[in-house]
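Thank you for giving me a few minutes this morning.

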Amino acid sequence: MKKQTLVNHPPAVEVPADNRPVVAPIYQTVKFEFDSVEEALRAQHGERPGFSYLRTSNPTLRQLELTLAELQGREDCVVCSSGVGVVAQTLLSLTRTGDHVLAFIESYGPTRQLLHRTLAKFGVTHTLLSIEDLPGVERVLRGQPTRLVIFESPTNPLNKIADIAALTRLARAHGALTVLDNTFAGVHQHGQYDIDLFLHSLTKFVSGHGDVMGGAVIGPERLIRGLRTDFTVLGGVLDPHAAFLLQRGLKTYFVRYQAQCRSAQRIAEFLEPHPAVERTYYPGLASDPGHALARVQMSEFGSVVSLSLRGGTAAAVRFTDSLQLFSMAASVGATDSLVMPPQMLTGRDLTEEQRRISGVGPGTVRLSIGLEDTDELIEDLAQALARAQD
Ligand SMILES: Cc1ncc(COP(=O)(O)O)c(C=O)c1O
């Protein structure tokens, strides 16, 4: 081979079958070849296993999909390039003109935006209710054929707990699919409920380190098959290197999630009686309105703690600006603690009445608790609360 040809056909390095790598290699390749046209066509027709093109699948992505499906207790999974990507691709795949979707005021902002901006353009309508309004859910489902109900638990940012058993029962009775964006609860929770599809932003707890984005939809094989076909042409494919990092993140997922939740619990208990704090929102607190339901539904209560400061926006801004160990940044679930001020939590698409129902007020601040020493985080919060009261 001439050198220019050689660099495009480098020597193959075979690993003996009894000499496996302990960590699966990253298949950083878009294409997979076959030795003959016949075998390539058999693979394309699903008559033999094999990979062809990254946008359809790749062994590194497939390993992540199989792990996530097992963690969530379902048959199959498709990953894609971000959490928002998976929400968008799933809703685009499942709905058609004339369909109606039931969503919630407390739903993640871009999910609401997808409904009232993007899907509305294709004639998909939706209703927004409070996640606490079960009679409203029954009324809407009885009154209007509904393709799917999409919700979250705990909700962002105030940690409201959805009654999953009631919602799934009502949806099933009226022939609607249930789609739970389970990002805040994590990939190991809520599998015992009759949810059709679980969505996840893998950017949060699965990555865990705030350095990679990804999304996943998990459910029965019969639904995932259709989603996979549509995802292939919607094109939000996860890069193999990102899939590798997400798979690596899963190795420490449980220790991180549990430690972050323990720290969040102690921080919520510190904040709750503090004179500068009007209210603390954490389902692990016995006083939280969602506590009893959360204890039935969840093994851990999550790493997001929100609070409402006395003194409104001015106090919330002084508090946020005074924190030293919490970075003011979007996202949750990573090893570093984060804070979001009220101006960045308010849904600009919501009406006054919907904002009141959402519960996010002028003094609301969201904390995402990371893996720093809990005592040091509490010290930092204490000094920032003192400044907030100045
Ligand atoms: C509940 C929920 N769903 C989806 C997303 C979107 O995920 P990503 O940032 O990976 O697109 C987020 C991000 O904050 C989220 O909190």
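Let me begin with the second largest pocket, whose lining has, by class, 4 nonpolar, 8 polar and 6 charged residues; here Ala, Val, Leu, Ile, Met, Phe, Trp, Tyr, Cys and Pro count as nonpolar, Asp, Glu, Lys and Arg as charged, and the others, Gly among them, as polar. Before I go further, please keep in mind that this is a predicted model, in which local features need pLDDT of at least 70 and side-chain atom pairs count only at pLDDT 80 or more, while totals for chains, interfaces and linings use all residues. Residues are numbered from 1 along each chain as its sequence is written, and side-chain values use heavy atoms, with hydrogens and water left out.

On a 1 Å grid over the protein atoms alone, a cavity is a set of points where a 1.4 Å probe fits but cannot get out, whereas a pocket is an open set with protein on both sides within 12 Å along at least five of seven lines, and a lining residue has an atom within 4 Å of a point. Grid points are joined across faces, edges and corners, and a volume is the space filled by probe spheres set on the points.

With that in hand, the second largest pocket holds about 460 Å³ of space, and among its 18 lining residues Gly50, Phe51, Thr56, Ser57 and Arg228 lie nearest its centre. Helix H2 (37–44) and helix H8 (221–234) each supply at least two residues of this lining, and H8 gives the most, with 5 residues. Helices (H or I, at least four residues) and strands (E, at least two) are DSSP runs, numbered from the N terminus.

What lies nearest the centre of the largest pocket? Of the 42 residues that line the largest pocket, those are Tyr108, Gly109, Pro110, Asn156 and Arg366, and the space in the largest pocket comes to about 920 Å³. The elements giving two or more residues to the lining of the largest pocket are H4 and H5, and H5 gives the most, with 5 residues. By class, the lining of the largest pocket has 17 nonpolar, 16 polar and 9 charged residues.

The largest cavity has a volume of about 130 Å³, and of the 17 residues that line it, the closest to its centre are Arg55, Thr56, Val78, Val79 and Phe231. Helix H3 (59–72), strand E1 (76–80) and H8 each supply at least two residues of that lining. The second largest cavity, at about 40 Å³, has a lining of 5 nonpolar, 4 polar and no charged residues, including His200, Phe205 and Tyr253.

Now for the helices. H4 (residues 83–94) and H5 (residues 109–121) pack at an angle of about 40 degrees, with their axes 10 Å apart; axes are lines fitted to C-alpha atoms, for helices over the stretch in contact, and angles run from 0 to 180 degrees between N-to-C directions. H4 and H5 are therefore oblique to each other, given that angles under 35 degrees count as roughly parallel, over 145 as roughly antiparallel, 65 to 115 as roughly perpendicular and the rest as oblique. In H4, Val84, Val87, Ala88, Leu91 and Leu92 meet Pro110, Thr111, Leu114, Leu115 and Leu119 in H5, where contact means heavy atoms within 4.5 Å. The residues of this contact divide into 9 nonpolar, 1 polar and no charged.

H4 also packs against H8, at an angle of about 115 degrees and with their axes 9 Å apart. The residues of the contact of H4 with H8 divide into 6 nonpolar, 4 polar and 1 charged.

I will finish with the loops. The peptide bond from Ser153 to Pro154 is cis, with omega near -10 degrees, and a cis peptide bond also joins Asn156 and Pro157, with omega about 5 degrees. Pro154 is found in the loop between strand E4 (148–152) and helix H7 (164–173), and Pro157 lies in the loop between E4 and H7 as well.
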